[in-house]
Amino acid sequence: MKLRILYTLLICFLTISVSAQVDRSKAPKPQPNPEIKIQKPDVFKLDNGLTVIVVENHKLPKVSFQMYVDHQPLKEGDKAGLSDLFGELLGSGTTNMSKDEFDQKIDFMGANFYPNASGFFASSLTKHTDKLLNLLSDVILHPAFPEDEFERIREQTLSGLATSSSDPNSMSNNVSNVVNYGKEHPYGEVVTEETVNAITLEDIKQHYGSYFKPNISYLVVVGDITSDKAKSYANKYFGSWIKGEVKNQTYLEVKRGTNNQVYFVDKPGAVQSVINITQTVDLKPGHEDEIKLRIYNQILGGGSFSARLMSNLREDKAYTYGCYSRIYSDEIIGEFYAGGSFRNEVTDSAITQILYEINRIYNEPVKASELDLVKKSMTGAFARSLENPQTIARFALNTIRYNLPDDYYTNYLKRLEAVTIDDLLAVGKKYLNPNQLNIIVVGNAEIVDKLKPFDTDQTISYKDAFGNEAIKLKAVPDGVTTKSIITDFIYKSLLVNNQAELDAKLKKIGFIQTTTVANIEQMGAKITAITYKTKPNKSASIVRMTQGEGGKGQIVQKEWFNGTKGRSFVMMQGSKAFSDEEIKEKQNQIFPLDQMSYFTDEDLTVELLGIDEIDGVEYYKIKIQRNGKDDFTYEYYNTKTGLLEITEKFTFDEEGNSHSVKIKITAYQTYGKGKNTMQLPAKTIMETGGPIMELETKSVVIKKKSKLKVFDGYF
Amino acid sequence: MKFKLWLIGSLFLTTSLMAQQKKVEFVEYDLDNGMHVILHQDQSTPVVAVTLMYHVGSKNENVGRTGFAHFFEHLMFEGTQNIPRHEYDKYVERAGGTLNANTSQDRTFYYELLPSNQLEMGLWLESERLLHAKVDQVGIETQREVVKEEKRQRVDNQPYGTFMENIFKRVYSKHPYRWVPIGSMEDLDAAQEEDYVNFYRTFYVPHNVTLSIAGDIDIEQSKIWIDNYFGTIPNGDKLNVYRDKEFLDLAHFAKKYNKEVGAIAQSKNFVGDWNNLSTEDFIKKYFKNISSKPHPIPRPDVKEGLLNKEIKDTIYDNIQLPAIIMAYKTPELNHKDHYAVEMLAMLLSQGNSSRFNKSIVEKQRLAMMAVAFPFPLEDEGIALSFALANVGVDLKDLQEALDKEIEIVQQNLISDEELQKLKNQIESDFISSNSTMAGIAEQLAQYYIYYQGNTNLINTEIQKYLSVTKEDIKRVANKYFANNNRVILYYLPKENN
């Protein structure tokens, strides 16, 4: 007993003496670690399949309800923005109550209600719980989707689009989504005026009918409520929601680019560049590597001042107010991001430094002290996050949604502690690639030239605020029209000076046979293509492939058209007759050049876009599109020589995926004899995304007539 | 019938109001050096918020040095006599915490959010900052550029980002509120090391700061640590000498304190003591009678009153949608009309049923967004209205609609039901606002500073709102929301210029 008093006195004495002379030169030692308790939420399912998560917290007399309808991300295509509109409209009244009445009731309780595409978040003081739930239940079970509200929200969305087109961060996000995922992926879709205008009220109702089902939904209840009470409320207010099947979505595989690509978005008057360096990351939520990549990211560019990006680009070089990186996991496909806002003059230096840091952490082990600091800081952040009861709810929701082990969060700190320096090197290599980055810059056009070096092939892609290809073309001089360009090209090809000479020449020329060869080194193969054309619109072609020295080779492709019918054959796919549509297309052709029919074929739209500069050469850019088709072609005619030098063909398959072929004509040559001469491509380069193919014209036969029966399929 | 039920309901709401509130308990006291301390204990989560609110903001800046208070806040992360550059934040992170700061017109707020076992760390760090923060030229130049980037990012490169600057410079003609905390590029460029020294000496002194701590703390232990770290910090002349001893070299120090030590500055003993004694002991020996009496803190004393005329202007910006921004001059925070002005703004724009939203956004479809928010300040403040026009809407029509809503409140009393709605919203906001330790700590300090020591307003302020009458709302609508008491800005896309 005495000892104890003495001990107490001693402590007091010690404390007081410490008080007198605190040693400021050293940081104080922490007290023993507090115990981190993770509350266990209550989780149960209603008969209709609705999962209810309850986190009791009686600190404040408040309860919140979140409804989360967990349908997979949807491809909205030409109706992009549908879910967002749906979310807004969900709060627009019910079949029992107008929006005005609904709003009035929510506000009168001092409650909050935020509808969204997957449900809502709402909260109120505990005493209003019953009344609030009454309204929330009506929102889910009996939404009204009124026409006038739909039109109003559409209008607002359009206005919103207008504002976002001047906000540099929205612009950057749009482009990032498009280039990372592709426009055909739900994550790459961009909402535009056209897509918003295409959405109908019927679409909204259908969306509700197809996806709003209790069996894929979660009701998250947090706050001053007992689990029992929550259960009876859930049954009372959402028990009659009828379950139903929800269709599974499939997604296109997302591929990274093969190298670093720079995208530039012009923001006139910008005083800063928003830099966004990004790529997709195939990381699923809850995967064992996720925690390692979180540490990796925290060291590279997490939220703290000491993270590498912040310490290098802000604290050391003062290029920016903030520079961060993020790695997101996702059930379909995740994303890596690094960037920030930087004054115009240092845009290129900033990219250099960000890339330097991305490469450094990828290639070199991090310091033990860095890893230690980040672990401690993440441990603290985890503990602090528990102050908010919504965190516990989020843990529970993630555990169910991603099928995580029950102890995923209770063991979180242990797993964090176990991560090693080598782990970080390994996950970097596994998930990231510093040579396949999309580098997006939204900024002032004056800085664009400095961005070239960061693009592997030194060609910057220009985008608009919505991720579309930006058409940055110069206006054509007065007097130049589609007609003048095409006519000039036809004259040049036939080596004539006017219509009279052309008419005279075309009386003498009636048949052309061209033989082209290409060597495909990777396959050790040679491709030989022979094309035939004759008046008035007949055509045929045959492509053979020979490997090694062997003979005539194998036919990989052939087709013929005799003026009324024809067939095409492709190796492995077989032969098929031309459809009526194809026949009509072929009939509209005019010997001897495609361009001859540009002004006679009524199904074609031929449009002069302007002057484009490619690798220092100026071209008239012309777009050709068959009416009613998605496919289109760009043709680039050299403004000096008048010759066609580049053709880009864009085709879309049934899933709507785009494929492009680029054909560059690098040399023209005069073929034929006497008066039967023409200027035709001699060397051509074809780029399809795969290996580049170089084609050489071996021979061209130009005559008045031919006895060949190739046009009827007899090769 | 329905009406009657509703009446009963509203009675129920009113009577049950106070029953639901939990009192925020706290202890507060002054240290001998004049520093105010507020402690709030909450053991529900093992976290603690250590916050310091310095009663200095952009209104304490001098012409030609706008933006300095905020610039200075950045410099306060550079380190101290005992903490090298780039280390300050690392201590916090290694402790599992986070830190930051922000600067307004009236105050500068620093905070560390820490696991509760690291309270002492937070106190040490903040006391170091108050006693002897250290900044070198490299730090100044770096942060100068960082702050300029912050301005570009938040203001210059943001659509409508310049609106605060444009409003404030038109509302005020003499008061330092006529510039905004971020300041001007020119002034940021002009700031010198000597400005830093003066600012620190004038405003970063114990009696100008409130230490407010909330979280899982032991009150008695906290008091001891606070004594250790903050109670030992001198004030007045003594603090100046303390800092000079640490930051000046001997020659400069001797010159500056020529009267006190000039005669012996060359002596061997003095030089020995200069090099070897702790600052505390050095002062004890050579400045025995130095005063610790706090120096008065200069504060602007400018009252401009209401505007007496409407000021209209057009700003061309890199934007797509035109917008109207209006500011009405309102009284200072600690004025009885403040609560009615707040409630008027809520009437106009809190919740979907609010008047601006219902009428202008939903019914007339003139705007994408129309909000009213008071921007009360320690001295006379403003109430802002911001409306973003829908595509194709003429700003004149939008303004007419906004004016119409104000006119209605000026001419008619609001309904009982609407008044009750406002009170219910206030109750809900009031209860929700005290949900985090960081939030409570900041609130406590704010009440203490802005309301002349009335910290307990955190528990009682709601009564001031609840006693606002319909007549009060109508009265403030007429008094402050008058056409001749406002600035109107039209924001238009640049290409229209």
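Predicted model: local features only at pLDDT ≥ 70, side-chain atom pairs only at ≥ 80, totals over all residues.
Residues are numbered from 1 along each chain as its sequence is written, and chains are lettered from A, with ligands numbered from 1, in the order in which they are written. Local features need pLDDT of at least 70, side-chain atom pairs count only at pLDDT 80 or more, and totals for chains, interfaces and linings use all residues.

In chain B, 6 strands form an open, mixed sheet in the order E1-E2-E6-E3-E5-E4. Strands (E, at least two residues) and helices (H or I, at least four) are DSSP runs, numbered from the N terminus. Two strands pair if DSSP finds at least two bridges between them. E1 (27-30) and E4 (98-103) of chain B each have a single partner strand, so one side of each is left without a neighbour in the sheet. The twist averages 15 degrees from one strand to the next.

E4(B) and E5(B) (residues 108-115) run antiparallel, joined by 6 bridges. Thr98(B) stands opposite Leu113(B) in E5(B). Helix H2(B) (residues 68-75) lies across E4 and E5 of chain B, at about 165 degrees to E4(B). Angles run from 0 to 180 degrees between N-to-C directions, with axes fitted to C-alpha atoms, for helices over the stretch in contact.

Between the chains, 65 residues of chain B are in contact with 66 residues of chain A. Contact requires C-beta atoms, placed from the backbone, to lie within 7 Å. H5(B) gives the largest share of the side of chain B that touches chain A, 8 residues.

Definitions and conventions:
Contact = placed C-beta atoms within 7 Å.
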